[in-house]
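Welcome, and please take a look at the model below. A short tour of its overall make-up and of two residues comes after it.

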Amino acid sequence: MTRQAFLARLREGLRGLPAQSVTDIVADYEAHFNDGEAAGRTEAEVAAALGDPDRLAREIRAESTMARWREERSPGAAAAAVFAVLGLGAIDILILLPILMGVGAALIGFAVAIIILFFVGAFVFAAGPFMDPPGGPGVAILGGIGFMAGSASAGAILTIISIGLMNALVWYGRLHYRLLKPALEA
């Protein structure tokens, strides 16, 4: 593959990123070609050492969205990071997508259960004393507070687990980038 073909495919794959970022990235790979030629290697040898420009562009885009996730910690950034990592390859999608769907469904199920438990606690707290509970109104009030506190604690634990899983997904994306890094240094 020639330098121009490699850089054109890389630029096309990076479409959608900020223009300055694309220019900087393409300039870095242009420098790889210049260094390779100075070392006596052909354009085809340098392009082969750098790898597939389409995959390279997907990995750079994934790294960009993961950086956005680390900065923003928003649901949109998390979704973008998930889809960027999933976009790294068809094999990855076939392996990760069923796992992520199962984990995501379980997290959503736990979140719904926690929210329901919180509202049950609020109902017991508010209405329990007027329903003649066994043990008196104090038991109903304390029971309602207990349900709400337990669900708030479970929600905090679920949030920590969700952040940990997102960080594991970011690590997985970085692993893809690290696999390519030796080819970039060659």
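What follows moves from the whole protein to two of its residues.

This is a predicted model, in which local features need pLDDT of at least 70 and side-chain atom pairs count only at pLDDT 80 or more, while totals for chains, interfaces and linings use all residues. Residues are numbered from 1 along each chain as its sequence is written, and side-chain values use heavy atoms, with hydrogens and water left out.

The protein has seven helices and zero strands (DSSP runs of H or I, at least four residues, for helices and of E, at least two, for strands, numbered from the N terminus). Of its 186 residues, 28% are buried (under 20% relative accessible area, with a 1.4 Å probe and protein chains only). Among contacts (heavy atoms within 4.5 Å) between residues at least 6 apart in sequence, 63% join residues at least 24 apart.

Now for the two residues, side by side:

| Residue | Helix | Relative accessibility |
|---|---|---|
| R3 | α1 (residues 3-13) | 7% |
| I25 | α2 (residues 19-38) | 15% |

R3 counts as buried because its relative accessibility is 7%. Its side chain makes a polar contact of 2.5 Å with that of E30 (a pair of N or O atoms within 3.5 Å; within protein, one must be able to donate a hydrogen and the other to accept it, and residues adjacent in sequence count only if both atoms are side-chain atoms). Beyond neighbours within four places in sequence, R3 touches E30, F33, N34, E37 and E43.

I25, at 15%, is likewise buried. Setting aside neighbours within four places in sequence, I25 is in contact with L10, L14 and I60.

Note on methods
Buried means under 20% relative accessible area, exposed over 50%, partly exposed in between (1.4 Å probe, protein chains only).
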